[in-house]
Amino acid sequence: MAVWQLKRPSTHRQAVLLLLACSASLSLLLFGDSLVLPRRTGDTPTSFAPQRTSDVHRLLQVPALLQQQQQRPDRDEEIDVDLSSARAPFIVWPFRRVCAESTYVPGVTFLCDNNSGGPGNIRNYILTCVRYAVDAGATGLVLPRIRTRSPSDPANLFRDYQPFGYMFDEAHFRQGMADACPRITVYGSLEEIPGAREKASREGRTFDKIIERVTPKHFGGSRAGCDQRDPNRYTDQFGAAFRDWVRSSAAERGWAPPNDVDNPRLIRFSWGVLWDWPVYRDGPEFAATFGGLLRIREDILDLADTIVASMRTLAASTRGTETAAGQSFLGVHLRTEADALAQWPSYENQTKNYLREAASQGYQGRAAYLASGNETETRRFGREGMAALQLDVRSKYDLLEDREDELEKLKALSWDQQALVDFAVLLDCGYFVGVSPSSFSINVALKRHLKEDGLYTRPWKVGGRGDGRSWLVGRYDRYWEDWLFMFDGMWP
């Protein structure tokens with residue numbers, strides 16, 4: 001009866017108007033849905049399993065998605081950020097989320113200065129130490145100092161300390177820490193820590209003597225029988241175990257609980273913890289962004305930009321191939337300096353494999369940038385590259401020889417500071433070849449690996465044919481002896 005009544009004109013008009021109103025509302029909601037949901041791009045992963053969400057269910061999700069979008073308004077822009085760039089912005093929210101989960105202990109202050117080696121080692125030590133400090137509940141962090149190597153003996157890694165700005169951008173680091181972890185104060189020195197001087201005086205000790213040295217693998221559990229270089233498998237338990245130790249050790253020694261006024265607890269890690277933390281433990285978005293906390297200092301990046309521009313001009317002047325054309329140049333890391341270990345791939349092994357890979361990638365008759373601290377073997381590689389592939393090999397010194405001001409700036413840098421120039425240049429090459437187990441080469445390859453998938457980047461496939469952007473020569477048979485643990489603990 002009610003159905004037939006719809007045929008009456010007045011009721012029919014009402015039904016039509018109601019239908020039009022519903023259709024308009026549905027269109028508005030669907031249009032709003034398209035604005036709220038992240039844009040589908042080539043970088044946005046999709047599930048391998050077929051899934052179809054009903055329109056009604058999607059509409060019900062809109063308010064929650066809108067709220068999430070308002071909380072992280074720049075998520076769409078983050079999809080388009082090239083995280084492989086040395087100048088990539090620091091995406092802070094994954095680090096902020098980790099900091100928000102910690103239980104803080106007033107007065108616990110970390111010193112992340114027991115580092116040594118080249119830029120790859122220094123960088124990873126500082127980042128790993130900061131990650132531990134957050135889980136420990138530290139409310140203070142002394143701006144990390146950087147231990148330098150001997151200018152005359154590169155194998156002597158334990159010389160004087162330099163300030164943080166020796167390698168990295170201090171203002172960028174401070175801002176990143178403030179944005180992500182506002183409860184952690186970054187102090188410029190020991191003297192700035194509240195109560196540290198008074199504590200040392202009260203106990204009749206020097207500053208250095210009130211610093212407690214700990215090994216993070218001693219907290220949370222043990223893996224009996226494993227190599228000491230094994231990554232820490234108890235990072236989930238570290239924070240609670242460390243805080244229990246802070247309380248129990250204070251009680252045992254008759255100390256008052258730590259506070260951030262007059263009784264700090266100063267913590268320095270033992271040497272060699274730089275590969276401890278499994279970097280994907282906090283999710284791919286954290287692994288992909290955390291390294292951005294440490295940005296290479298600006299003047300070094302400026303030199304790298306000048307060199308990259310020169311290499312691109314040189315590459316454009318050579319004859320292109322089907323796979324390597326335009327401004328694309330090959331990047332090479334030759335690791336044969338005095339501090340290279342004897343069991344690492346030799347010059348001959350590296351060169352043979354690099355040139356073979358260059359040929360397979362279409363770089364015959366093209367240009368290559370060579371990063372090396374060995375000038376003699378730099379020239380040797382250049383001769384062999386030209387003879388084998390008509391490959392025009394250049395170093396940073398070659399590319400700046402007609403730029404007097406920039407060349408003088410380069411010469412004024414130390415050996416490891418010049419390595420940072422190489423690092424930034426290699427991030428911008430068309431294809432990179434390096435050597436495992438060099439932490440420098442691995443760091444370059446893993447950083448370049450972020451380019452395609454950004455926040456969604458999956459781990460590098462160790463021992464494979466690379467990712468289409470980089471390839472590393474080396475042995476991959478033995479986890480510890482071939483230093484494969486570095487791939488698990490290296491921050492891109």
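Colleague: Where does the charged end of R265 sit?
Modeller: Over the ring of W245, 5.1 Å from its centre. Bear in mind that this is a predicted model.

Colleague: Which cluster is W245 linked into?
Modeller: Ring pairs join W245 with F110, Y132, F219, F238, F242, F269 and W277.

Colleague: And R145, which ring face does R145 lie over?
Modeller: The face of Y161. The distance from the ring centre is 3.9 Å.

Colleague: How many aromatic pairs does a search of the whole structure find?
Modeller: It finds 21. Y479 and F485 form one of the aromatic pairs.

Colleague: What's the geometry for Y479 and F485?
Modeller: Edge-to-face. The centres are 6.5 Å apart, with 65° between the planes.

Colleague: F485, buried or exposed?
Modeller: Buried, because its relative accessibility is 3% and the cut-off is under 20%.

Colleague: Switching to confidence. What's the mean pLDDT of the chain?
Modeller: The mean is 84. Of the residues, 82% reach 70 or more. Residues 1-13 are below 50, and that stretch has 4 contacts beyond near neighbours in sequence.

Colleague: Where else does pLDDT stay under 50?
Modeller: Over residues 25-71. The model gives that stretch 29 contacts beyond four places in sequence.

Colleague: How should I read the coordinates where pLDDT is low?
Modeller: Not in detail.

Key: Residues numbered from 1 in each chain as written. Predicted model: local features only at pLDDT ≥ 70, side-chain atom pairs only at ≥ 80, totals over all residues. Heavy atoms only, no water. pLDDT = per-residue confidence, 0-100. Contact = heavy atoms within 4.5 Å. Phe/Tyr/Trp six-rings, centres within 6.5 Å; stacked < 30°, edge-to-face > 60°. Buried < 20%, exposed > 50% of the residue type's maximum accessible area, 1.4 Å probe, protein only. Lys NZ or Arg CZ within 6 Å of the ring centre and 35° of its normal.
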